[in-house]
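Keep the viewer open while you read.

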Amino acid sequence: MYDPRTSHFAALKRIIRYIQGAKEFGLHFSPSTITNLSAYSDADWGGCPDTRRSTSSYCVYLGANLISWSAKRQATLSRSSAEAEYCGVANVVAESCWLRNLLLELHYTISKATMVYCDNVSAIYLSGNPVNHQRTKQIEMDNHFVREKVAFGQVHVLHVPTRYQYASIFTKGVSKLLFDDFRSSLSIRPLPTSTEGCIRLYIHMFTFIVINNLILSIISMILCQVLGKNMSIGYHKIR
Amino acid sequence: MVTRPPDVNITRCIWLFKHKYKSNGDLERYRSRLVVNGRCQQVGIDYDETFSLVVKPATIRVVLSIVVSKNWPIHQLDVKNAFLHGHLSKTVYMHQPPGFRDRNNPDHVCLLKKSLYGLKQAPRAWYQWFASFLSTIGFVNSKSDHSLFIYNHGHDTVYILLYVDDIILTTSSHFLHDTIITALRSEFSVMDLGPLNYFLGVPAKCHSGGLFLHQSKYVEDIISRVKMVNFKSALTSVDTKSKLSATSGEKFVDPTLYR
């Protein structure tokens, strides 16, 4: 804050321009099951150009509703992308433990394991396999509580393709198409009145078409009858 | 009113006048409030602990998620002059309020019996009073979030979320809601503001498909403050290739504008 650069100001202006376009958007809660927690965790390895620390991010869902999210630079430096991702998984497991306890107190016990989705295969192996080898022995001990949670069956760490990694919206800039897709998956949607308006418009169009068809068919029926009569009259006349 | 004791810290006080507005912008009332200058207080002498617990945003979202799924009534309550009720554990002296000085005893000072706005310990005193009252009527204080209070008896469930003096009350039935309101009214001057529509500066909108939280008013305020109303809006929030460094790049000419 005390020594801003031109690039920082440009980024700030970009954010303000973005929120200007997205001011009608908000967080949406819909009725859903409250029996399962799922989480997405992502990290960009060495994302900070000054310190080379990684940024990890996560989002946690209760049923279909987004309830918690975070994007934060990690406190320690990682030697590999797997380590950075593994630290991110540890962060989200810590958050999900807190949420499980909270839900326990609210008398909604989560009996199923928390599903943690991560797009790094090595990090998934690290969470399930209690072996250390040359490239992972430096990982801080406190991150290995993930293994205990996995062993107790409270957490499952699963793989998700990068295309469906919703948490990556917090760590890096993504293209417009992905951004819109991820944003709607994070239950960030426009004001419901506008969607209701859309639905109403569709209903109007639908009724308009139905009524038009009805009128047309009635007209054609009458025409047919009248013409038929005329034709029969004509036929009689001719006969 | 007591005679001024020697060698004690006496806090100053001022009157604050404020126009209170309704949520639609109309003037509601003029409010004047006597506040104490908390900066005159000294740690250990005038106060010990100051923290006031505020509810975590994730807790609010978890509770909202349950409420929407179960279709329970959710109401917003307001406590009038919440901070004036807390009991003080320390002896605090205050100068006589300006405009209300006693002509006969101009050198006397006020010995505070109850908490006042501006005191360092006022939020904590209020929290403790509220929490102890709730525990007497059967609520349990959550361990995961101390600003969450839970009442669970058979099929009856009540959650109370406390953010300083803003309260969200949700109950599993309308009858239970009335019971809780009556119980709260016996101790505090509670106003039921109706179904949740505005909490912590975030407007909430209930509709047939659930609940919707948005901040469009806040966004408009920011944009008008930075005078960028007519700018073209961006589709995404950041560039796909940008990595910002704290030290590289040209220095920005006007740092105060940035802040």
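## Where the two chains' helices cross

Helix 1 of chain A and helix 4 of chain B cross in a left-handed way. This is a predicted model, so treat the geometry below as computed from the prediction.

## A helix pair inside chain A

Now look at helix 2 (residues 81-105) and helix 3 (residues 121-128), both of chain A: they pack with their axes 8 Å apart, at an angle of about 55°. Helix 2 and helix 3 of chain A are therefore oblique to each other, and their crossing is right-handed.

From helix 2 of chain A, the contact uses A:Ala82, A:Glu85, A:Tyr86 and A:Val89. Helix 3 of chain A answers with A:Ser122, A:Ala123, A:Leu126 and A:Ser127. The class breakdown for the contact of helix 2 with helix 3 of chain A is five nonpolar, two polar and one charged.

## A sheet built from both chains

Next come the strands. Strands of a sheet pair through backbone hydrogen bonds, either parallel or antiparallel.

One open sheet draws its five strands from both chains, in the order 7(A)-1(A)-14(B)-13(B)-12(B), with antiparallel pairing. At its edges you'll find strand 7 (188-190) of chain A and strand 12 (198-199) of chain B, each pairing on one side only. Strand 12 of chain B runs antiparallel to strand 13 (residues 202-207) of chain B, and two bridges join them.

## Strands within one chain

Chain B also holds an open sheet of six strands, ordered 7-8-9-10-4-11 and paired antiparallel. Its edge strands, strand 7 (140-141) and strand 11 (190-195) of chain B, each pair on one side only. Strand 9 (residues 156-163) and strand 10 (residues 166-171) of chain B pair in the antiparallel sense over six bridges. B:Tyr159, for instance, is bridged to B:Thr170 in strand 10 of chain B.

In chain A, strand 3 (residues 55-62) and strand 4 (residues 65-73) run antiparallel and are joined by eight bridges. A:Thr55 has A:Arg73 of strand 4 of chain A as its bridge partner. What does the hairpin of strand 3 and strand 4 of chain A have between the strands? It has two residues there, and A:Gly63 takes a positive phi near 65°.

For the complex, the predictor gives an ipTM of 0.71 and a pTM of 0.72. Chain A has a mean pLDDT of 76, with 77% of its residues at 70 or more; for chain B the mean is 75, and 75% of its residues reach 70 or more.

Within chain A, confidence is highest in strand 5 (residues 114-118), at 89, and lowest in helix 6 (residues 192-238), at a mean of 50. Over residues 194-207 of chain A the pLDDT is below 50, and this stretch has two contacts in the model beyond near neighbours in sequence. Residues 229-239 of chain A also stay under 50, with zero contacts beyond four places in sequence. Where pLDDT is low, the predicted coordinates should not be read in detail.

Conventions:
Residues are numbered from 1 along each chain as its sequence is written. Chains are lettered from A and ligands numbered from 1 in the order in which they are written. This is a predicted model: local features need pLDDT of at least 70, side-chain atom pairs count only at pLDDT 80 or more; totals for chains, interfaces and linings use all residues. A crossing is left-handed if the near helix is turned anticlockwise from the far one by less than a right angle, and right-handed if clockwise. Helices (H or I, at least four residues) and strands (E, at least two) are DSSP runs, numbered from the N terminus. Two strands pair if DSSP finds at least two bridges between them. pLDDT is the predictor's confidence in each residue, from 0 to 100. Axes are lines fitted to C-alpha atoms, for helices over the stretch in contact, and angles run from 0 to 180 degrees between N-to-C directions. Angles under 35 degrees count as roughly parallel, over 145 as roughly antiparallel, 65 to 115 as roughly perpendicular and the rest as oblique. Two residues are in contact if their C-beta atoms, placed from the backbone, lie within 7 Å. Ala, Val, Leu, Ile, Met, Phe, Trp, Tyr, Cys and Pro count as nonpolar, Asp, Glu, Lys and Arg as charged, and the others, Gly among them, as polar.
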